[in-house]
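Here are my notes for when you next open this model.

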Amino acid sequence: MNSERLKIAIQKRGRLADESQKLLQNCGIKLTKSKDQLYCTSLNFPLDIYFIRDDDIPSFVASKVCQIGIVGRNVIKEEQILKKNQSIKNVSLISSLEFGKCRLVIAVPHEFKYEGIKSLQGKVIATSYEGILKDYLHKNNIICEIVKMNGAVEIAPRISMADAICDIVSTGTTLAMNGLKEVETILNSQAEIICNDSMNNNQKKILERLMLRIRGVQQADSSKYIMLHSPVKVIDDIIKVIPGVETPTILNLKGRNDLVAVHAVCKEGIFWQTMEDLKDRGASSILVLPIEKILK
Ligand code: PRT
Ligand code: ZN
């Protein structure tokens with residue numbers, strides 16, 4: 001086993017696949033992957049990548065085939081509940097990512113008179129998330145019959161297989177198309193980096209380097225660089241309006257005593273409204289630029 005390298009499991013095909021690869025690429029990690037390959041190694045960073053089904057990622061990490069993985073919070077939670085006290089225990093969530101956002105909800109047909117969770121007592125619920133659902137119902141003292149389905153859960157009420165469903169929702173279109181309404185949110189989910197707790201020191205160091213880059217990419221994604229001209233007399237007022245700024249740089253402008261340039265990194269996006277507010281306060285030549293990388 002090569003302990004000088006870190007192994008990561010990411011989804012081969014599906015909703016997290018492109019973003020997971022893009023994240024590694026934005027971290028400057030070059031992948032030499034041909035289509036349908038299961039495994040590839042990076043030539044410019046000590047990382048090997050396995051491309052697998054998302055459901056297999058927790059066990060790849062638990063069994064140390066890989067030390068880390070990128071998987072939906074919903075998947076890891078379900079595994080943790082189903083495999084209680086077993087090997088999955090040595091897997092931890094280390095960082096949430098900004099993609100794969102969704103929620104696990106209970107939904108019922110529009111005509112269902114829903115008056116709170118008690119309305120589900122004794123009902124039949126179809127789901128692929130048996131573990132999380134059972135846990136949730138148990139915590140709420142509700143007893144239901146659970147029908148496990150591996151896909152197309154949303155059709156279960158229409159074909160009289162179930163009274164309600166428990167499934168992942170992102171835009172809500174699928175529910176709407178099937179005449180269903182959301183009544184309970186069980187879990188908010190997004191892609192997570194998971195890791196095996198027993199890594200050697202080399203691998204820990206590689207993970208630290210990788211996490212530094214990932215945080216840099218995430219901060220850069222959510223940050224903007226703003227440059228503007230401000231009359232000296234309103235500078236404090238102007239700085240207050242720029243969102244998420246700690247220490248702006250103030251620069252003199254050649255031949256002008258009444259005007260300075262303000263440069264700053266904003267930790268949030270800048271909307272047109274903010275630019276208009278700045279302009280109303282006397283700012284001019286306002287430029288907002290994307291940031292590619294940040295290393296603190
Ligand atoms: O083949 P493999 O097993 O790897 O993939 P998969 O088919 O099991 O998973 P995939 O690629 O569909 O999803 C991977 C992960 O993306 C999930 O585990 C979630 O963490 C996350 N995710 C984000 C979603 C959605 N959004 C999503 N909308 N997973 C599933 N859906 C489905 C949902 O099941 C429902 O059928 O999309 C439909 C609802 O979408 P809306 O937009 O109509 O609400
Ligand atoms: Zn899957």
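1. **Strand 14 and its sheet.** In strand 14, Val-262 is the bridge partner of Leu-228. Strand 14 (residues 256-266) and strand 12 (residues 224-231) run antiparallel and are joined by eight bridges. Helices (H or I, at least four residues) and strands (E, at least two) are DSSP runs numbered from the N terminus, and two strands pair if DSSP finds at least two bridges between them.

2. **Ground rules.** This is a predicted model, in which local features need pLDDT of at least 70 and side-chain atom pairs count only at pLDDT 80 or more, while totals for chains, interfaces and linings use all residues. Residues are numbered from 1 along each chain as its sequence is written, chains are lettered from A and ligands numbered from 1 in the order in which they are written, and side-chain values use heavy atoms, with hydrogens and water left out.

3. **The largest nonpolar core.** It has 28 residues, of which Leu-47, Ile-49, Ile-70 and Leu-210 touch the most other members. A nonpolar core is a set of buried Ala, Val, Leu, Ile, Met, Phe, Trp, Tyr and Cys residues joined through side-chain atoms within 4.5 Å; buried means under 20% relative accessible area, exposed over 50%, and partly exposed in between (1.4 Å probe, protein chains only). Among the elements giving two or more residues are strand 1 (6-11), strand 3 (47-52) and helix 6 (201-222), and helix 6 gives the most, with six residues. Leaving aside residues up to four places away in sequence, Ile-70 touches, among others, Ile-8, Leu-23, Phe-99 and Ile-193.

4. How much of strand 6 (residues 102-109) is buried? Seven of its eight residues are. Strand 6 runs antiparallel to strand 10 (residues 180-189), with eight bridges, and Val-108 stands opposite Lys-181 there. On strand 9 (residues 164-169), also antiparallel to strand 6 and joined by five bridges, Asp-167 faces Val-105. The buried residues of helix 4 (residues 130-139), including Ile-132 and Leu-133, pack against strand 6, strand 9 and strand 10, among other elements. Just after helix 4, Asn-141 takes a positive phi of about 55°.

5. **The zinc site.** Asp-54 (OD) and Asp-55 (OD) coordinate the zinc ion (ligand 2) at 2.0 to 2.1 Å. Donors are N, O and S atoms within 2.8 Å of the metal (3.2 Å for Na, K and Ca), and sites may look incomplete because water is not among the atoms. The site is irregular, with angles of 76 to 173° among its four donor atoms; four donors count as tetrahedral if all angles lie between 85 and 135 degrees, four count as square planar and six as octahedral if opposite donors are over 155 degrees apart and all others between 65 and 115, and anything else is irregular. Asp-55 counts as partly exposed because its relative accessibility is 38%.

Notes
Contact means heavy atoms within 4.5 Å.
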